[in-house]
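Please read these points with the sequence and the model open side by side.

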Amino acid sequence: MDAVVKFTSQSQGRDRIFRATQYACALSIYLLRNNPERKDLVNKLKSLETNISAGRKLLRLGNTANSIVAVKQAMRLSDRVLRLCITAANINRALYFICDNLLWARNVGLILSIDKERWSINASRCYLYSLVMNLTQDLYVILQLMLQKGRDNHFKQKMNQHLNESPEVAEVTIPELDTFVFLLLETLRSEPTVALDTVKNICDLFIPLDKLGIYKSSAGLVGFCGLVSSLIGILTLARPTLRIKP
């Protein structure tokens with residue numbers, strides 16, 4: 001109970017719970033859309049999804065400052081690639097929150113002069129750029145870990161044992177490809193923080209790609225990916241040891 005209270009007392013914790021609920025509603029609406037007996041339930045879920053989305057915009061009003069602080073911290077990193085990726089990701093994230101805040105102000109009637117559709121597209125673009133940089137960071141970290149593991153003598157013995165135990169696989173596949181896949185899977189299995197962050201960012205990627213029309217997905221796929229991403233976010237926030245660190 002103490003862990004639950006501590007989690008929900010954090011603004012990020014509440015936002016991630018609301019986000020998971022929002023995308024769970026979107027997925028449920030898609031699955032129930034052709035069921036006439038569930039029409040009332042679908043309408044209630046649509047209303048709940050809309051209200052949660054509006055509430056989350058209000059909770060995100062202070063996140064621009066958090067992203068700016070993250071930019072300053074990323075500038076101190078010694079690794080140039082990580083410094084570039086994390087700095088660029090947080091700059092785009094800050095710009096996304098600025099667009100999101102303006103959209104909230106437009107929705108509540110504080111600012112009526114802005115083009116809602118235009119700023120919504122700008123927000124999606126910034127979100128997409130931020131995710132691309134996050135995925136670039138994940139790829140870089142995975143490659144670095146694979147290089148380290150590939151030089152490890154214990155792992156080399158394990159890999160040779162794997163190839164010797166599966167001669168029929170080695171005959172029908174390219175040995176280098178089989179070695180690469182085995183090395184990749186072993187790296188992700190030994191580093192769950194990177195694996196979780198990569199899956200989360202890939203799932204999130206479908207959301208701006210769909211909104212921008214770059215890769216149109218069904219509402220069900222967007223809802224599912226958003227739900228998976230939100231659950232991973234909840235897990236990593238509840239267990240900080242699973243959160244990727246630069």
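1. A residue is called buried when its relative accessible area is under 20%, exposed when it is over 50%, and partly exposed in between (1.4 Å probe, protein chains only). By that rule C225 is buried, because its relative accessibility is 5%.

2. This is a predicted model, in which local features need pLDDT of at least 70 and side-chain atom pairs count only at pLDDT 80 or more, while totals for chains, interfaces and linings use all residues. Residues are numbered from 1 along each chain as its sequence is written, and side-chain values use heavy atoms, with hydrogens and water left out.

3. How many disulfides does a search of the whole structure find? The search finds 0, where a disulfide is a pair of cysteine sulfur atoms within 2.5 Å. The sulfur of C99 is too far for a bond, because the closest cysteine sulfur, in C126, is 4.8 Å away. C225 is in no disulfide either, and its nearest cysteine sulfur, that of C203, is 4.7 Å away. C99 counts as buried, because its relative accessibility is 5%.

4. C225 is one of the buried residues of helix α11, and the others include G220, V222, G223, G226, L227 and S230. Helices are DSSP runs (H or I, at least four residues), and they are numbered from the N terminus. Helix α11 covers residues 219-238, which makes 20 residues. From first C-alpha to last α11 reaches 28 Å, close to the 28 Å expected at 1.5 Å a residue; the expected span is 1.5 Å times one less than the number of residues.

5. Y23 and A219 are 196 residues apart in sequence but 9.8 Å apart in space, C-alpha to C-alpha. Y23 counts as buried because its relative accessible area is 11%.

6. S217 lies in the loop between α10 (192-211) and α11. Is S217 buried or exposed? S217 counts as buried, because its relative accessibility is 16%. Not counting residues up to four places away in sequence, S217 touches F206, D210 and V222.

7. Helix α2 (residues 11-32) also holds F18. F18 counts as partly exposed, because its relative accessibility is 36%.

Note on methods: Helices (H or I, at least four residues) and strands (E, at least two) are DSSP runs, numbered from the N terminus. Contact means heavy atoms within 4.5 Å.
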